[in-house]
Structure formats: structure tokens, C-alpha cells
Amino acid sequence: MPVLGRRGFTLVELMVSLVLFGIVSTAIYKILVSNQRVYQAQTQRIGLQQNIRAAVAIFDGEFRELDAREGDIQAMAPNFLTVRAMRQLGFICNPPVLGAGVNGLTMTLRSTPFYGFRRFASGDSLLVFYEGDQMSRADDGWHLAKIVATPTNQPCPDATAGQQLTVNLAPFPGPPGQVNQAGAITTGSPVRGFEVVTYGVYQDSDSSWYIALVNASGTKPMIGPIIGSNGLTFTYYDTTGAVTGVAANVAHIGITVRAQTAQQVWSGGAGGAMIAKVDSFTTQVTLRNNPRF
Amino acid sequence: MQRERGMALGLALLVIVLVGVLVVGALFSGTQEQRLADNSRRLEASFGVAEAGSVEQLRTWTPATRNSKGFYPSDSGTVNATTTPGGTGFYSGTVYKMNGNIYLVSITGSDKNSAAASGAGGGARQQLGLLTKILPITFTAKGALITGGSAKIQQNVTINGNDQAPAGWSGCPPPDSAVPGVHADSGETIVVNSPARILGNPSVVTDNLVQDSTFTKFGPYTDSSLAAMAAVTLPAGSYGPQPAVTSGSCDHRVLTNWGDGLNPAGPCGAYFPLVHVTGDLKINTGSGVQGQGILVVDGKFEVRGPFSYFGIVIASNGTKFSGNNQGDPKFLGTILSGSKSSITTKSDTLLGTTNAQVGYSSCAILKAMQGAAITTPLRSRGWSQLFTLPQP
């Protein structure tokens, strides 16, 4: 076959096809880059929103169970809150003997029903239900105690499984109506375990701000990053809905979380820049355990 | 056939694939976000269901069913799977009676989709607990016999305001200090003919603590609300209550079964019904005729012969007790004998013969309350979010 008879592309065809290929490739590349940015932004935003949801879920769970009137709010400010966070709930099957000393008393708790993230351990703080006069609710309340020795397995008097605690009770007279008398803490009375925790803003070594949990184990960044020292705001309301600065009067707690994405994302548009997206959430929690009368 | 050449088809396929990848990527992100948000929504909805369910248990509390249960671990009450009134989900749970006064209402709630196992993802559930305590009946005046009218006590009657526990009863509170044997409205006449005796501190007192409301208001309860809570309601008439046992269990369906205070370890020993008689009540006395709990009589209450009762008696139009040659009536707890219309109404409060006894018993009163009273959350810290211990 003659060389001139071979079929092929002209230079013009080649140039046109290359230009077209370049245009299409560029368009596809831009779409891909744009899509990647959108995808990254969406992922970051999802993380951000989930962060906020987690914060609200944690705060709701912790604060609903507070009894502000009886000292569960130990310190409060717009950007931190120190509370007795409830951790366990159990029931006495063999009560402590009252009427004499309040240190080194023993009591046995049922193994079931028992609720919490772990069983009791030495050093745990307790609130023990004080029955007092069974014919009245006026003296009902909770008495502070602390476990002072490692709990041991000890059956209940009805031979079911139990855990024996050695405790020091807070001095009497306790809250109004609570006196150190035999039979004032009864079989079947509930016992709550709690730890004192602080929720507040915290700046980590990477300069980012977080919502942190502070307890006896130290400081743990929990939620974040937030937008800064104003990324968490607590507002305290009394029963009338008015803002209050008195811990014992708190009936509702307003929570506002302002968080940002963990990584910067493209702000969009031709002149877009890499920025941290910000979102916020506000809710209000009603304290369920304030005294009823 | 003309030979086709070019890249149009390939390019088109490439573009379609790329667009598909982009769409799938966008959908994946959107779906993830939707699932996360839905999980949160389900969690919140389940919380609402559990809280509604736990409160519903208190609203519909039936003392005859709940209070007659044995203490944990011997007994507990089941809350069957129930749909919330708004249809937002389902809840179920257990009511534990931890002692005579305190209950734990443990309710697990799931939102509608989670309970039906529909939709993507796992099911959400929340477990809440309400610590409740019986709502005690309280009295403005104390005494073995509290009367709004005059009283006449004669022959070998003993009215004793010193606290005493019924024979064989366990779990009684520490003894109360002595109360008046007879506590009457000021100005009323209390006639005691020897050898009748009245004991107490003081033995007889008349003051204005006894008023109309003494017989109609009992702290958080009224006579009407007590009547509405009754496990047994009977018309005016004559009855001879005795324990009823069927197949070894206390038969609550028998309306003349008012418990078994004489045999506290028996099948009906823990049954303390609130009995409401809507008119005058006469007891057909006899051996073994007895009752315990709370007895509300919308009229006059008459007993002639052997009859034992442990708990609280509220008779709106006076009482008349006497013995016969078979035996005598015996009451432990407290008796309120008054008039709904006026405390100036004179009614024979006690006409006793032989060895009739009326004694104050804080134990009988407490047990009657524990058997018949409704419950409400503890004064404080009665609400709890429950977390099951992690398995070791």
C-alpha cells in the first residue's frame, strides 16, 4: 500500500482533538476537585453536628438528674458548671446501724437491681436515702456518705447476692429533720453513687478550644473543637424562668454550644478560602430531682 | 458497513462513571448525616416514651394490685408492653417493691420505628427509673379514738393510747410516743363508767384540733378520694368479713375478704384493702370475723360481738361497739368517728360491754397505709436514668 494512501489524522484534527480533550479533562478535574471539597466540607460538617449533638446528649443526661436545692450544683458560671453527677443506683438489703458513731458503718447492697457504669469502689461518694419517720415524708431526704474500704461480696439476709460497703456517714444532724437514730435508714432504701465533675471550656496544647470534663482523674477534652472560650455558655433559670445566680434556686439550665469543624474547609465560590465552619445548638434542661415540697 | 471510528462512546461512559461516583459520594455523605440525625431523633423519642411510660405507672397506680405485692426479690410487678397515648412508641418494665414504702418503677421505652425494628440502623431505647414512696394519710389529731361527738364508755372497755403492735406482726416501726386514748372536739362530753378504762397521754383530751375537716381531709387525701381508691366498695348492709383463700393464694375477688391480721404469715396477711361502705355498716360478728387496712363508712358503724380490725376506721356518722356472750370487738390502729355535716352532731361513739378494746397502733396504721395508699416520686432525687452494668 502506498504511504500516501494511508489514512490518518491531520495536524488540525490532532490539535482540535487535543484542545477538546484538554477542555474536557480540565472540566472533569474541576468537577472532581470541587466534589472533593464539597465532600470534605460535608464530612466536616457532619462531624461538627455530631459533636454538638453529643454535647447536648451528655449535658441533658447529666443535668436532668440534679437536685440543685440540695447541693448538687457546687459551682456555676457561664462557661463552666461543677455538679454531683449521678453514677450508680442500688438498694440496701442490710442497713447501717444508726444511733451511735457515724464512721466505719457497714451496710449491704443488693447485687440486683443495680444500675451504673461499674460497681462501687473504695473512695466513692454516696447519697443514702434517709427514711426517718415512716409515717411522714417531711423528714425524707438523702444523707452523704463515703466508702472508706474496698467493698466485699456479702450475701443479703435473704441469701441473695450483695456487696458490703464500709462507709463514713456525714455528721448528724444532717439536712432538716435528719437525726442519728436507730432505724432511720431502712432495708430497701436506695443509695446513689456520684462523682463531682466540672464541665467547662478548655484550651488544649494545640491552641484549640474544647469542652472538657474535669474529675478526680484529671482533665479530658470531650467535645470539640469549639469556637473559643465562648464556645460553651450555661444560663441558669429559676422556677419562674428568670435568670438566677444562686445555685440552690436553679430549676432549668440553658446550654449553648458553638462548635467548629475540626479542619478548615473551602468556603465556596471563585474567591473562596479555607475556613472553619461554625454551627451552634441551644437547648434547655429541666432538673428532675429538685425537692417537690 | 462504514467503519465507525472515534472516542465518543468511551468518553460518554467515562463521564457517566464519573458523574455516578460523584452522585454516590454525595449520597453517601447525605445518608451518613441522615442516619446520625435519625439516631439522635430516635434517642430523644425513646427518652420521651420511657418518661411518659414511667409517669403513666404512677397515674394509673392501683394499690390493690401494686401494694399487695411481696418485697423484692420474692415478688415484683410487670409492666406489659404498652403503646404510648400518642402512639410515639412502646414501653415496658418492672415495678419493684423494695420495702413497705419504697418502689422502683423501671421503664424501658423505644420509639415507634425502633420498637418495630424498621428503618435503617439499630433500635434506640432508654431506661428510666422512678423511685416512689407511698403518700401517707395524715391526721390533724391523734388518738386511739378520735370523735367529733360525745363518747360514752362503760363496762370492761379499754381504750388505750399507748402504741402497741398487733401480735405476731413484723416490720413495725419504732413505737410512737403515747397519744390520747380519746381525742374529742372541745366541749364534748366523755363519760367513762368504771370499770371502763382509758389509757394514754393524756387519757382524754378535748380540743379544737378535732374539727369537721378531721373526718374529711387526711393530708393529701379526702374522704371522697379515699372512697374512689377503694379496692372493695359495698352498699350499706351487714357483712361478716373473713379471709378468703383459693388454691393457697389470697383471693382478692371475694368482697368480704378484708385481709388476715390475726394470721399475718398467712396468704392474706399482706392484704390490706381499702374498703368503702356507702352507707351504714353492721358487722355480722363471729369467730374469725376480722379485717385490716382502711375502712371508710359513709354512715354509722356498728359492731356487736367478736370482730377484730387492724388499721384505720373512718365512720362519718358515729360508731357503736359492744360485746356479746360470744366475745368482744377489738380494734388496733385508730378510729375516727365523726359527722360529715357537723361536729356538733351527737352520736354514741362507744357503748362497750365486757372486754371491748380500742388501741392505738402506729404499726397497724402504717401497714394500712402501705397497703392502700398511692405512691408518688420521692421528695427529691426520685428520678433516675438507668444504665445496666456492663458485663464482666
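Eight salt bridges cross the interface of chain B and chain A. This is a predicted model, and the account below starts at that interface. One salt bridge joins the side chains of Lys133(B) and Asp140(A), with 2.7 Å from N to O.

Which elements of chain B give two or more residues to the side that touches chain A? Two are helices, H1 (8–59) and H5 (362–372). The others are strands: S3 (102–111), S4 (126–134), S26 (375–377) and S27 (383–385). H1(B) supplies the largest share of that side, with 14 residues.

Now take the interface as a whole. The size of an interface is often given as the accessible area lost when the parts come together. Here chain B and chain A bury about 4800 Å² between them. Of that area, 57% is on carbon and sulfur atoms. On the side of chain B, Arg379(B), Arg381(B) and Leu389(B) lose the most area to chain A. Together they account for 21% of what that side buries. The contact draws 51 residues from chain B and 57 residues from chain A.

Turn next to the surface of chain A. Phe9(A), Leu11(A), Leu14(A), Met15(A) and Leu18(A) make a nonpolar surface patch of about 570 Å². Leu18(A) sits in helix H1 of chain A, which covers residues 11–64. Is Leu18(A) buried or exposed? Leu18(A) counts as exposed because its relative accessible area is 52%, and exposed means over 50%.

Definitions and conventions. Residues numbered from 1 in each chain as written. Chains lettered and ligands numbered in written order. Predicted model: local features only at pLDDT ≥ 70, side-chain atom pairs only at ≥ 80, totals over all residues. Heavy atoms only, no water. Patch = residues over 30% accessible without salt bridge, like charges linked within 9 Å, V, L, I, M, F, W, Y side chains within 5 Å. Areas by Shrake-Rupley, 256 points an atom, 1.4 Å probe, with all protein chains shown as cover. Salt bridge = Lys/Arg side-chain N within 4 Å of Asp/Glu carboxyl O. Helix = DSSP H or I, 4+ residues; strand = E, 2+ residues; numbered from the N terminus. Buried < 20%, exposed > 50% of the residue type's maximum accessible area, 1.4 Å probe, protein only. Contact = heavy atoms within 4.5 Å. Buried area = accessible area lost by both parts, 1.4 Å probe.
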